[in-house]
Amino acid sequence: MAALASILKTAITSFSKRPTSTQQLCNITNHLSALRLSSCSSSVTILSHQPWHTSPVSSFHTTTCQKFHMTKSTNDLMEFFDRKEFWAESSVPTGRPYRIDELRIKSNQDIHKLWYVLLKERNMLLTMEAEFNRNNELFPNPERIAKVEESMENILEVVKERNDAVSLLETGKPADPGGAYVRDFLGRVVWRKFQEYGIPPHMNKVYRLCYPRGFKRLHLKYLPLWREKIAKHRWGRYHGELRHNQALVKKFPHLEGKLEVPKPEEPKIY
């Protein structure tokens, strides 16, 4: 504290006098640059090191500091490929995806950086997979793509939670606008998610074409045929799975009674 008071006193004394030379101006600048106080911590530590510009004043810096890290700068297409030492390997060491609990404790800035790291990793893996398929070779550890995509989905879930929390505090409503059941131009009742548009609905030609206020009565006769088509497809898939399970039971008798196929639901078309 005594050293800090001495530096402050020297700086104030230097400011009280008008600098008459460039050397005095440099000395004042050195005194002020030494006072690097952190806004998040009031504790200041004096570290002795080489002075700047032959100034005898010791520099100050905070006890809590973090190094700035960045990936290696590469300006060619090799960013889309994995490291060369892994090209001929049959197995690549991988980790697990990020869990939601781990992402919830990260700041928005860290999540933003992590999103682009995962996006870059996914592009690299998709490029390597396409290259291995082109050469008719086996892509090592293809589950890496699923792990990266799972991490990205967890990030989107965390961002959605934070947006909902902020929206609930400000407006009392979640950030998701929701949706509603509407009738389209064919007379079908479908779920439509609300979203923002630059023009109101009554002036939007595409919206009025897809979701008109009234539809023609001649479309009503096609709705039963539409329901029949969907039901036929679902029941055909159901019977196909039953036949497949019966074939499995013949080959593996211990599976009898363990394979179940749920019955299809009726199509919700009104």
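Visitor: In which loop is the place of N136?
Guide: N136 is found in the loop between α4 (108-134) and α5 (143-170); helices (H or I, at least four residues) and strands (E, at least two) are DSSP runs, numbered from the N terminus. Please note that this is a predicted model, in which local features need pLDDT of at least 70, side-chain atom pairs count only at pLDDT 80 or more, and totals for chains, interfaces and linings use all residues. Residues are numbered from 1 along each chain as its sequence is written, and side-chain values use heavy atoms, with hydrogens and water left out.

Visitor: What is the phi of N136?
Guide: N136 has a positive phi of about 55 degrees, although it is not a glycine.

Visitor: And is N136 buried or exposed?
Guide: N136 is exposed, at a relative accessible area of 74%. Buried means under 20% relative accessible area, exposed over 50%, and partly exposed in between (1.4 Å probe, protein chains only).

Visitor: What about N141, buried or exposed?
Guide: N141 is buried, with a relative accessible area of 15%. This residue lies in the loop between α4 and α5, and N141 has a positive phi of about 50 degrees without being a glycine.

Visitor: How do the axes of α4 and α5 cross?
Guide: They come within 9 Å and cross at roughly 155 degrees; axes are lines fitted to C-alpha atoms, for helices over the stretch in contact, and angles run from 0 to 180 degrees between N-to-C directions. The two helices α4 and α5 are therefore roughly antiparallel, a term for angles over 145 degrees.

Visitor: Which residues meet there?
Guide: Among them, I111, L114, W115 and L118 in α4 and I145, V148, M152 and I155 in α5 take part. Contact means heavy atoms within 4.5 Å.

Visitor: Changing topic, in which sense do β3 and β4 pair?
Guide: Strand β3 (residues 179-183) and strand β4 (residues 189-193) pair in the antiparallel sense over five bridges; pairing requires that DSSP finds at least two bridges between two strands. G179 stands opposite K193 in β4.

Visitor: How many residues are between β3 and β4?
Guide: There are five residues between them in this hairpin, and G187 in the turn has a positive phi of about 90 degrees.

Visitor: And the chain overall, how many helices and strands?
Guide: The chain has seven helices and four strands, in the order α-α-β-β-α-α-α-β-β-α-α along the sequence. Buried residues account for 19% of the 270 residues.

Note on methods. Parallel < 35°, antiparallel > 145°, perpendicular 65-115°, else oblique.
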